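We will go from stop to stop, picking out a few pieces each time.

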Amino acid sequence: MKLRFATVCSSNMNRSMEAHRVLQEAGFSVGSYGTGTRVRLPGKDGDDNSFEFGTPYEEMLEVLVTEDLGAYSKSGIIKMLERNKNIKRAPQRWQDDHGARFDIVFAFEERVFDAIVEDLQARGGTDYERVHVINLETTDSAEEAAKAAVDAEKLAKLLERDSDIDNNIQDIVEDFEKTSGRPLSHIVMYY
């Protein structure tokens, strides 16, 4: 069965975009989002660079290159934005896209998982269309995002191969948690 996946972190920058890239390259149907109020990137003096969701990655890149190409190259922000602009135009906010429907939503942090669940509850679930929300707890670093993306791909393959996902997903998630060593949370929600 061809499943539709979403990957979600706070700013739709690092963890969700690395998983988006990996899943897309593996041939999965995938979208990515953030749940924060704004897109935040680390600044060079400890202050965040803050952008509105919907600001093109290219525009963010231009701002940071102008501000300090060396510092943002060294921190990996330039490389991350280059990757992101090759995947999609701009970061999207989960709570603002009520038209998109996914079978599986991967979150990469407990507070992001909670925000997704809260948003789905607020939508009311009146269409009775099931969605599985799974949290793969991941530290927000390039290295950990890369590891989590590989785990998301492995889990996506297991889920897509299953012929009765709604009845088997809890066992699949529990088995994957044991073999991967990554803490997972799972909840069934409705659109």
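Which residue in β2 is the bridge partner of A6? Select G31: that is the partner of A6 in β2. Before moving on, note that this is a predicted model, where local features need pLDDT of at least 70 and side-chain atom pairs count only at pLDDT 80 or more, while totals for chains, interfaces and linings use all residues. Residues are numbered from 1 along each chain as its sequence is written, and side-chain values use heavy atoms, leaving out hydrogens and water.

**Stop 1: the sheet**

Color β1 (4–9) and β2 (29–34); they run parallel and pair over six bridges. Strands here are DSSP runs of E with at least two residues, and helices are runs of H or I with at least four, numbered from the N terminus. Two strands pair if DSSP finds at least two bridges between them. Now show the whole open sheet: its five strands come in the order β2-β1-β5-β6-β7, with mixed pairing. At the edges are β2 and β7 (184–190), each pairing on one side only.

Contact means heavy atoms within 4.5 Å.

**Stop 2**

Select α1 (15–25). Eight of its 11 residues are buried, where buried means under 20% relative accessible area with a 1.4 Å probe, counting protein chains only. Among these buried residues are M17, H20 and L23. Their cover includes β1, β2, α2 (57–74), α3 (77–85), β5 and α5. Just after α1, click on G27, which takes a positive phi of about 95°.

**Stop 3: the largest core**

Now show F5, I104, F106, I134, L155 and L159, which touch the most other members of the 24-residue largest nonpolar core. Such a core is a set of buried Ala, Val, Leu, Ile, Met, Phe, Trp, Tyr and Cys residues joined through side-chain atoms within 4.5 Å. Its largest share, six residues, comes from α5. Center on L155: leaving out residues up to four places away in sequence, L155 touches F106, I134, I172, F176 and L184.

**Stop 4: a buried charge**

Finish at D162, in the loop between α5 and α6. What is the nearest side chain of opposite charge to D162? That is R161, 8.5 Å away, and D162 is buried without a salt bridge (a side-chain nitrogen of Lys or Arg within 4 Å of a carboxyl oxygen of Asp or Glu). Arg and Lys count as positive, Asp and Glu as negative, with His and the chain ends not counted. Leaving aside neighbours within four places in sequence, D162 is in contact with N168 and I172.

Terms used. Buried < 20%, exposed > 50% of the residue type's maximum accessible area, 1.4 Å probe, protein only.
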